[in-house]
Amino acid sequence: MSPIPRRSLLKAAAVAGAAAQFSWALGAKDAQAAPRAEAADADPVTLDWLEDGGLGAAPGSTVGVPWPKGAYEADQTFALTDADGKAVPVQTWPLAYWPDGSLKWTAHAVSSGSGKLTLAAGQAAAPDKKVTVDRSGGTVDVSTGVITVRIGKDGSTLVKSVRRGSTEIARNGRLVLIRQPEIEDEDQGTVKTERFDGAIGEVTVEQDGPVRAVVRIDGKHRKGSRSWLPFSIRLYFYAGADSFRMVHTITYDGTQEPGKASGDFIRGLGVRFSVPMRDAAYDRHIRIGGEGKGLLREAVKGITGLRRDPGAAVQAAQYAGQKLPDPSTWDQRVTTRLQYIPEWGDYTLAQLSADGFTLRKRTKKGYGWIGAGGGRRASGFGYVGGASGGLSFGLRDFWEKHPAQLDIRDAHTDEAEVTLWLWSPGAQPMDLRFYHDGMGQDTYAEQLEGLNITYEDYEPEFGTPYGIARTSELLFWANESTPSADALARQVAAVRTLPQLAAPPKQLIKAKVFGPGLYSEPDRSTPAKAKIEDHLDFLFTYYKDQVEQRRWYGFWDYGDIMHTYDTVRHVWRYDIGGYAWDNSELSPDLWLWYAYLRSGRADIFRFAEAMTRHTGEVDVYHLGKWAGLGTRHGVQHYADSAKQQRIANTTYRRFYYFLTADERVGDLMHANVDSDETFLVLDPLRKVRTDPYTPDRHALSVGFGTDWSGLVSAWLTEWERKGPKWEKAKARVLSTMEGIAAQPNGFVQGSGLYDLDTGKFAVASAPVVSVSHLSAVFGLNELCAELIDLVDMPKFNDAYFDYCRYFNATKAEQKARYGSDFGTLLLFQGHSRLDAYAAVRTGDAALAKRAWTKFFGSDGYTESSPWKTEAVNGPMALVAGSEASWVSSNDTALYGLAAIENLALLGDKMP
């Protein structure tokens, strides 16, 4: 997509907005939520696991289930049964409500189950072993009925102990940060580091059973008088589980300045536990995950492969991790020489790239390392312990979010130490400095010239990582003895793919969530429909393959895709300004989530999950003056100077939150409720305005497209969730809808002056035509479909249907309706879904016909597009693979959403 029309349209919007006269009179009638629905059909829902194997070795799973309007009152209870009709314990809580107060989404936590489960109204069965939480003393003690975890309330020890029965399995769980104050680009200088420990600031029990308990720990990493790098840790516990899950979030608040070698460079970031070692050295076991289900299976003191044989049964028992018989029963030629067999206390597995890991070990500190193997992609799993118990541990997305590392230290002593490194200290320091020196772009005019050549919107000091975040997931098991090979394989599988229950597409469609009518199950009943389904499958498969081929991996990068392809170099434009990382441009997040909603496909869910984790954390600021804003697409995820609502858009997070009840994503959405305040801090049109503009708290220029859609999605979500600010959020949803509807030209007016204190738009006294091709492609159509279903406001409906009707209309039609045409527009194929939506809502047959005309024959992908890949290999490319040089992420997102929505809305009207 050319950057020039975007900027020219922004400029037009600024000029038009400045020319308009405003008054503060709104319609006399206040907007209201839609009336209460009649009691809806509330059949039982069959839940199933995304992947085969059920819960496996994971501690538990939580699923979100939607309900039609009016189906259940807010206090409804639910019961769960398995395929045999046996009751399965479940914990239920509301996630969202319809405007009439009935349940819209409920969350359900389970700690058992392997097959399909049926959810229905009823009384929940209680677990045999309940989760309990005791916060009465100086710690928070959580018991699953199998393990007890003691959580600190202050200091640097987050988890004081993990016990199974009377046996302490682990202790002193803490956070570790290694800071490198200076980075050397060449081979000169001395590397110095300093260690910071996580210091608890606040502990909150968010849930306390009976099936699921959640404890949140917030704080910063501290050394001496300095505290930095805020963290938010959640620990998840499930009834009867011998394990717990950790969700670990850090927000970067250090200083790294381009061109300077000094700063806050992270050399290592980890989670560390101590593990008591009680068994004899030959009964102490090390397990480290390799490729797939592969494992290094060793003892601290190995008795296999020796010159003298202790006996086949003894060797087999040690390899199996079983307690050995008394050495007096062995071949005495071994027993009398045990003291001469080395004890291997230290192990390190380092995954410094997506393509290779190394494993090494040594006897103890101060002595040399020896290689213990290696491979391509490690599972991120480990175990240390013995016949009397031990700790299993794992880091999810281990190789995908490289550089990562697992350390076991001092396993030959009374206390081993385990560290899961989210950023390996064996890698180069985390260098987040901006990537160029500005190249003389000191003025807005020069920066616009830069935009016109590299598509990068540069501005000095804007390419900062200050305030970006990243979330990681870890699992820990307290084992009563060294697990068998099969048990370890199940634990490895849980680390690699956390089991997830899911409601079927039929229930999502029936409940009319995420925009009623916007998606339907795949339908290949006609050749025309089948062809579009094939195209949708092609696009998803291509991007999934490109992630692998192009190595779109790494701690800060995993989950994102690239924006545009370089057909000459046979690579994506990873180093060209605004053509590099996509950062949610034109809503690929929505494409993926709607693709999942209609299909229930696990591979699509996992792709969308990774993107949600990335775009909501890395592409958005969570601290500092730009908190609540996201960054436009670029070479680095924070590089571009366009810090805007459209990237921080809550719409992109709603899916994952409501489908999984993930608390961290819930935090992100709630944090955006007051993001309208950001318009006081940064004017998104500052570079193209021709008239003076100073942000005024009572008259902020806010666009009705990308700006408002980002704001209203956060307000709507807070209202639905009945969050702490839901009444304010509801009022802003209704008042801004009313304000847009009251404009002389509705959405076509383009923007309005917004009062932060009243939450209302001023009504312009004169009509303005200001339309951008970007306004509706960041979730506006999907949000409006939800709002129109939720809120009874005919004038708003009419204003939006008019926008839908005229965007793809002829210039003559636009001029006849508004007195002026809309100028030069783009993205007609993507906007065909607006035609389709308005056609169905208004019964306009001509509009329905135009929807398919624009879908098949305007811009974007067409039936005559190649719809295939071509092979690339050396010497044309770095890595052999495939390319579809005609594919761009903008077109993919727009085609994907238009195809999904048009098929659902007008599948029976296809030409």
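Modeller: Happy to! Let's begin with Trp 93, which stands opposite Ala 107 in strand 8. Helices (H or I, at least four residues) and strands (E, at least two) are DSSP runs numbered from the N terminus, and two strands pair if DSSP finds at least two bridges between them. Please keep in mind that this is a predicted model, where local features need pLDDT of at least 70 and side-chain atom pairs count only at pLDDT 80 or more, while totals for chains, interfaces and linings use all residues. Residues are numbered from 1 along each chain as its sequence is written, and side-chain values use heavy atoms, with hydrogens and water left out.

Six bridges hold strand 7 and strand 8 (residues 103–110) together in the antiparallel sense. They belong to an open, antiparallel sheet of three strands in the order 4-8-7. Its edges are strand 4 (61–66) and strand 7 (91–97), each pairing on one side only. On average, neighbouring strands here are turned by 25° against each other, direction ignored; axes are lines fitted to C-alpha atoms, for helices over the stretch in contact, and angles run from 0 to 180 degrees between N-to-C directions.

Two helices meet this sheet. Helix 11 (residues 651–660) packs on it and touches strand 4, strand 7 and strand 8, with its direction at about 110° to that of strand 4. Contact here means heavy atoms within 4.5 Å. Helix 14 (residues 706–721) lies across strand 7 and strand 8, at about 135° to strand 7.

From there we can turn to the nonpolar cores, each a set of buried Ala, Val, Leu, Ile, Met, Phe, Trp, Tyr and Cys residues joined through side-chain atoms within 4.5 Å. Buried means under 20% relative accessible area, exposed over 50%, and partly exposed in between, with a 1.4 Å probe and protein chains only. In the largest core, of 139 residues, Tyr 594, Trp 708, Phe 747 and Tyr 800 touch the most other members. Helix 21 supplies its largest share, nine residues. Leaving aside neighbours within four places in sequence, Phe 747 has contacts that include Trp 708, Ile 740, Leu 780, Phe 796 and Tyr 800. Another core lies apart from this one, with 79 residues, among them Leu 177, Ile 217, Ala 239 and Leu 395.

Helix 21 (889–906) also takes part in the packing around helix 19, whose buried residues pack against helix 16 (780–790), helix 17 (794–807) and helix 20 (845–857) as well. Helix 19 is mostly covered, with 11 of its 15 residues buried. Its length agrees with expectation, because the 15 residues of helix 19 (residues 828–842) should span 21 Å at 1.5 Å a residue and the end C-alpha atoms are 20 Å apart; the expected span is 1.5 Å times one less than the number of residues. Gly 843, just after the helix, has a positive phi of about 75°.

Strand 29 (residues 469–479) is another covered element: 11 of its 11 residues are buried. In a regular strand the side chains alternate between the two faces of the sheet. Here Thr 471, Leu 475 and Trp 477 are among those pointing one way, with Ser 472 and Phe 476 among those pointing the other. Strand 29 pairs antiparallel with strand 18 (residues 243–251) over nine bridges, where His 248 has Ser 472 as its bridge partner. Strand 26 (residues 389–395) is joined to strand 29 by six bridges, again antiparallel, and Phe 393 stands opposite Phe 476.

In the loop between strand 26 and strand 27 sits Pro 403, whose peptide bond from His 402 is cis, with omega near 5°. Strand 27 (residues 404–409) contains Arg 409, which counts as buried because its relative accessible area is 16%. The Arg 409 side chain makes a polar contact with that of Thr 348 at 2.8 Å. A polar contact is a pair of N or O atoms within 3.5 Å; within protein, one must be able to donate a hydrogen and the other to accept it, and residues adjacent in sequence count only if both atoms are side-chain atoms. The backbone oxygen of Tyr 347 lies 2.9 Å from a polar atom of the Arg 409 side chain.

Lastly, Tyr 455, in the loop between helix 4 (444–454) and strand 29, has a positive phi near 65° without being a glycine.
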